[in-house]
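Me: I would like to learn how to read the features of a predicted model, one at a time, with the general idea stated before the particular case. Could we go through the one shown here?

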Amino acid sequence: RNSSSSSNQNEAGNKGKRQLKAFMLYLRERSFGNKSSSLEQVFGDRSSPRPSKYDKYNAPMAEHYFPPHPSDYPTSTSSSSNGGYSSDLVIWPEVWTHYIDSLQPERAMKYQSAIWWLSVNNNKGRFAPHQFIERRDILHLVQSEYARDYVRTKLSAAVATSKDVGCGGTKKNEQQHVLTMTEFIPYSSSEFALPSTPATEGTSDKEKGGNELKSNLVVYNPAKGMHWTDEIIRRACGKHAKTERDGSVTSGGGIRFCPIGKGPGGRERMTGEEVVELLKTAKVYVDFGPHPGMDRLPREAALAGCVVITNREGAANFDSDVPLPAEFKFAKFDVDKIYSLIKNCCSKHDEYAKKLDKYRSWILGQRVQMKACVDGMVNEVVTKRT
């Protein structure tokens, strides 16, 4: 839905660090009858204001058309001394890689491009294998080890050995143009807190969603993996169990299964705050769908005090992306073993939830890790090029 652009480096650094101006570039996709599509820039107004939740970031909405007119470029960046590229860097979401050159100006210097691989699966092959070889000008920012492995595999045909720079520092013998990043849950930091938040350090047991709030509730994402989730529910509740209006089903043993949603059948999307409130009342979160990246819901569930149970598909197959204890990750779907684990997690919740303490600590540390990753990116794409 949108992409970010960072531009106009400022030589006045803060404590030796280079300062950049970053903007959110909002774009709207328009489709036409001949199955073609294009992007147009949109600006916030009363009819479509910028969401207030983004006000906390030091990246205002771009108020001028991008790219700028050639006459608006500083003299230092309007020459061809740097290979025909301006100092502007546009970071594209992985779902829009087919638009990566759509904003390039005809008579001015080209902007630089990066792809933010928030997921792998959602790209759906739009960035074709040959482009990894031909487009050596593109920087790849990877959110997960799953994405890094995917990009490195695609690049291996073009580069034998190079480097991967990011929050882990320089790593030898890895492909060029790949920067390791991460992502954090905003409300896991007080600076980005929601009005209602799940478990964070320094909160009481009741605020964390302790036993005072929790019931024998198992929640799941109804948007993915429902074939497997339905099999678990049938095993627990039987084939003819009554489904409530909100989509929940209760087993004979008193365990209730509920989709993360609202309205009839739980098919309506919840707000972030509503998701948090539901997770705080649940004991278990199950996710047997695809994991296209380092997904948010398993981390939110863990912070809310849920025991998280997953498969090993996609990013969940990488312990650096989903570092759960092995007993909570299933490489092979075994409904009897899964249901047995769910029952144990409900009856001995405190015992099983404690096994995820390291996972929760890892989640809470992602904001600091993200800052290190961004510093590494700035050093790589700005400092080393000037």
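Me: Let us start with strand pairing: which residue stands opposite Gln-112 in strand 5?

Reply: In general, the strands of a sheet pair through backbone hydrogen bonds, and they do so either parallel or antiparallel. In this predicted model, the residue opposite Gln-112 of strand 5 is Leu-89. The pairing to which strand 4 (residues 85-93) and strand 5 belong is parallel and consists of six bridges.

Me: In which sense does strand 5 pair with strand 6, and over how many bridges?

Reply: Strand 5 pairs with strand 6 (residues 139-142) in the parallel sense, over four bridges, and there Trp-116 has Leu-141 of strand 6 opposite it.

Me: What is the strand order of the open sheet of six strands?

Reply: The order is 10-11-9-12-13-14, and the pairing in this open sheet is mixed. At its edges are strand 10 (249-250) and strand 14 (329-330), each of which pairs on one side only. Within the sheet, strand 9 (residues 217-220) and strand 11 (residues 256-259) run parallel and are joined by four bridges; Val-219 has Cys-258 in strand 11 as its bridge partner.

Me: Which helix lies across strand 9, strand 10 and strand 11?

Reply: That is helix 3 (residues 226-237), which runs at about 155 degrees to strand 11.

Me: How should I describe two packed helices, and at what angle do the axes of helix 5 and helix 8 cross?

Reply: Two packed helices are described by the angle between their axes and the distance between the axes. Here the axes of helix 5 (residues 296-303) and helix 8 (residues 357-364) cross at roughly 115 degrees and come within 9 Å. Helix 5 is therefore roughly perpendicular to helix 8, and the crossing of these two helices is left-handed.

Me: Which residues of helix 5 and helix 8 meet?

Reply: From helix 5, the residues are Pro-298, Arg-299, Ala-302 and Leu-303, and they meet Tyr-359, Arg-360, Trp-362, Ile-363 and Leu-364 in helix 8. Sorted by class, this contact of helix 5 with helix 8 has seven nonpolar and two charged residues, and no polar ones.

Me: How many of the residues of helix 5 are buried, and what covers them?

Reply: Seven of the eight residues of helix 5 are buried, so that the helix counts as mostly covered. The buried residues are Leu-297, Pro-298, Arg-299, Glu-300, Ala-301, Ala-302 and Leu-303, and their cover includes helix 4 (272-279), strand 12 (284-287), strand 13, helix 8 and helix 9 (366-381).

Me: Turning to the backbone, what is the omega of the peptide bond that joins Phe-66 and Pro-67?

Reply: Most residues other than glycine have a negative phi, and most peptide bonds are trans. The bond that joins Phe-66 and Pro-67 is cis, with omega about 0 degrees, and Pro-67 lies in the loop between strand 3 (37-41) and strand 4. As for phi, Lys-124 has a positive value near 50 degrees although it is a residue other than glycine, and its place is in the loop between strand 5 and helix 1 (129-134). Just after helix 5, Gly-305 also takes a positive phi, of about 90 degrees.

Me: Is Lys-124 buried or exposed?

Reply: Lys-124 is exposed, because its relative accessible area of 66% is over the 50% cut-off. Ala-326, in the loop between strand 13 (307-311) and strand 14, also counts as exposed, at 58% relative accessibility.

Me: Is Met-370 buried or exposed, and which residues does it touch?

Reply: Met-370, which is found in helix 9, is buried, because its relative accessible area of 18% is under the 20% cut-off. Leaving aside residues up to four places away in sequence, Met-370 touches Met-181, Thr-182, Glu-183 and Phe-184. The C-alpha atoms of Met-370 and Gln-143 are 9.9 Å apart, although the two residues are 227 apart in sequence.

Me: Finally, how many helices and strands does the chain have?

Reply: The chain has nine helices and 14 strands, and of its 386 residues 46% count as buried.

Technical notes
Residues are numbered from 1 along each chain as its sequence is written. This is a predicted model: local features need pLDDT of at least 70, side-chain atom pairs count only at pLDDT 80 or more; totals for chains, interfaces and linings use all residues. Side-chain values use heavy atoms; hydrogens and water are left out. Axes are lines fitted to C-alpha atoms, for helices over the stretch in contact, and angles run from 0 to 180 degrees between N-to-C directions. Angles under 35 degrees count as roughly parallel, over 145 as roughly antiparallel, 65 to 115 as roughly perpendicular and the rest as oblique. A crossing is left-handed if the near helix is turned anticlockwise from the far one by less than a right angle, and right-handed if clockwise. Contact means heavy atoms within 4.5 Å. Ala, Val, Leu, Ile, Met, Phe, Trp, Tyr, Cys and Pro count as nonpolar, Asp, Glu, Lys and Arg as charged, and the others, Gly among them, as polar. Two strands pair if DSSP finds at least two bridges between them. Buried means under 20% relative accessible area, exposed over 50%, partly exposed in between (1.4 Å probe, protein chains only).
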